[in-house]
Amino acid sequence: MLQNTGKLAGQTLFITGASRGIGKAIALKAAKDGANVVIAAKTAQAHPKLPGTIYTAAEESIDILVNNASAINLTGTLETPMKKVDLMLGVNLRGTYLTSKLCIPHLLKSKNPHILNLSPPLNLNPIWFKNHTAYTMAKYGMSMCVLGMAEEFRGSIAVNALWPKTAIQTAAMEMLGGAEVGKQCRNVDIMSDAAYAILGKPRSYTGNFIIDEEILKTEGIKDFDIYAVAPGNALLPDFFLDEAEALVQNMGDQVVIPVVKGDSRSAATSGPIAETFNIIKGVLNPDIVKSTGGVYKFDLSGEHAGVWFIDMKNGGGSAGSGEPPVKADVVMTMDSADFTKMFAGKLKPTMAFMSGKLMIKGDMTLAIKMEKMMSMMKSKL
């Protein structure tokens, strides 16, 4: 862990989205240094699944500034309502630009001013666009603010971006993927330590797109297991990094090959896919249905092409070949060989999706919950 040295003592910081998660962790780290921290967050009343509000954060002596507020919706162009598009562009892009614009006159009077955006490196690889164009546009808008403002105010204000190398465990992440996904994450301390390292640098340190692990290595941190939620477990790479794609490519038999749109025929009633679905039927029960609450359609290509479904939303659950009995909440398009690996525990759908080689349409929350079913299948396949 990066120790506090008091270098932020007496400085006033403003942080957006600081009532919980990464924003709150950065605020706490700065407050421990003796900084004056001002927070801005939309949560004024407690969310039933997300702890933390403006007031609970303030009661813990948090007052800071960093462009951390963000909205996310991981759906394709046809599946993303304009209301969601407007929200992401409004919070991520406009919010970051406006907050920066209003703070810059004050920052110009500071002895060591910084703007730090929680946004990724600008990576134009199409795989980071094709599954969630609207979200990528909005998030990259924050990064473009860094690119432009760093040059515009070079010599006057340090403007940088910070992004995690791996998925970070937050209350929102647990709500999205369940408690199990946390085992493949790092905790928020790695981001607060990285932000602390950046904010202590001179104004000449500007225009950088910084990865948390990389800057902490320069600060002398060698043991990164201290940040792991469950040390020893494989970590999920975060979006927008070339390393994320490379990691999947280097996973041997867990690699997902590019998918080809499957046909809409009913699937064969025998073979490895049918055998997999027979096992799925055997593990379905009302508890799984209640905890998942989704209908899944699998559009498979390759040697065993066809359409299959799992209904974990109605009654005691059902599974079989052909179209689902009701409209699917999630449609997964992939090679049939990869489907078999996925349910044998040799392929994680989250990593496959993040590499851009598993097509998912529909509710991403439910897509991630499929891993619970797969973990149950592993011992039976």
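Student: Which residue of β4 is the bridge partner of histidine 114?
Tutor: Alanine 158 is the bridge partner of histidine 114. This comes from a predicted model, and in it β3 and β4 pair in the parallel sense, over four bridges.

Student: And how does the chain get from β3 to β4?
Tutor: The chain passes through helix α4, residues 133–152, on its way from β3 to β4. This β-α-β crossover is right-handed.

Student: Which way do the residues of β4 point?
Tutor: Ala158, Asn160 and Leu162 point one way, whereas Val159, Ala161 and Trp163 point the other way. In a regular strand the side chains alternate between the two faces of the sheet.

Student: Is β4 mostly covered or mostly uncovered?
Tutor: Strand β4, residues 158–163, is mostly covered, with six of its six residues buried. The residues pointing either way are all buried.

Student: What about β5, how does that strand pair with β4?
Tutor: Strand β5, residues 209–211, pairs with β4 in the parallel sense over three bridges. Leucine 162 stands opposite isoleucine 210 of β5.

Student: Changing topic: how many cavities of 30 Å³ or more are there?
Tutor: The structure holds one cavity of 30 Å³ or more. The volume of the largest cavity is about 60 Å³.

Student: Which residues line the largest cavity?
Tutor: The lining consists of Leu65, Val66, Asn67, Thr99, Ser100, Cys103, Leu107, His114, Ile115 and Leu116.

Student: Which element gives the most?
Tutor: That is α3, with four residues. His114, one of the lining residues, is also the residue whose bridge partner in β4 is alanine 158.

Student: Cys103 is in the lining. Why does cysteine 103 count as buried?
Tutor: Cysteine 103 counts as buried because its relative accessibility is 16%, and the cut-off for buried is under 20%.

Student: And cysteine 145, buried or exposed?
Tutor: Cysteine 145 is buried, as its relative accessible area is 7%.

Student: How many disulfides does the structure hold, then?
Tutor: The number of disulfides in the structure is zero.

Terms used: Residues numbered from 1 in each chain as written. Predicted model: local features only at pLDDT ≥ 70, side-chain atom pairs only at ≥ 80, totals over all residues. Heavy atoms only, no water. 1 Å grid on protein atoms, 1.4 Å probe; cavity = no way out; pocket = protein on both sides within 12 Å on 5 of 7 lines; lining within 4 Å. Points joined across faces, edges and corners; volume = space filled by probe spheres on them. Helix = DSSP H or I, 4+ residues; strand = E, 2+ residues; numbered from the N terminus. Buried < 20%, exposed > 50% of the residue type's maximum accessible area, 1.4 Å probe, protein only. Pairing = 2+ DSSP bridges. Right-handed = clockwise from strand over helix to strand, strands pointing away. Disulfide = S-S within 2.5 Å.
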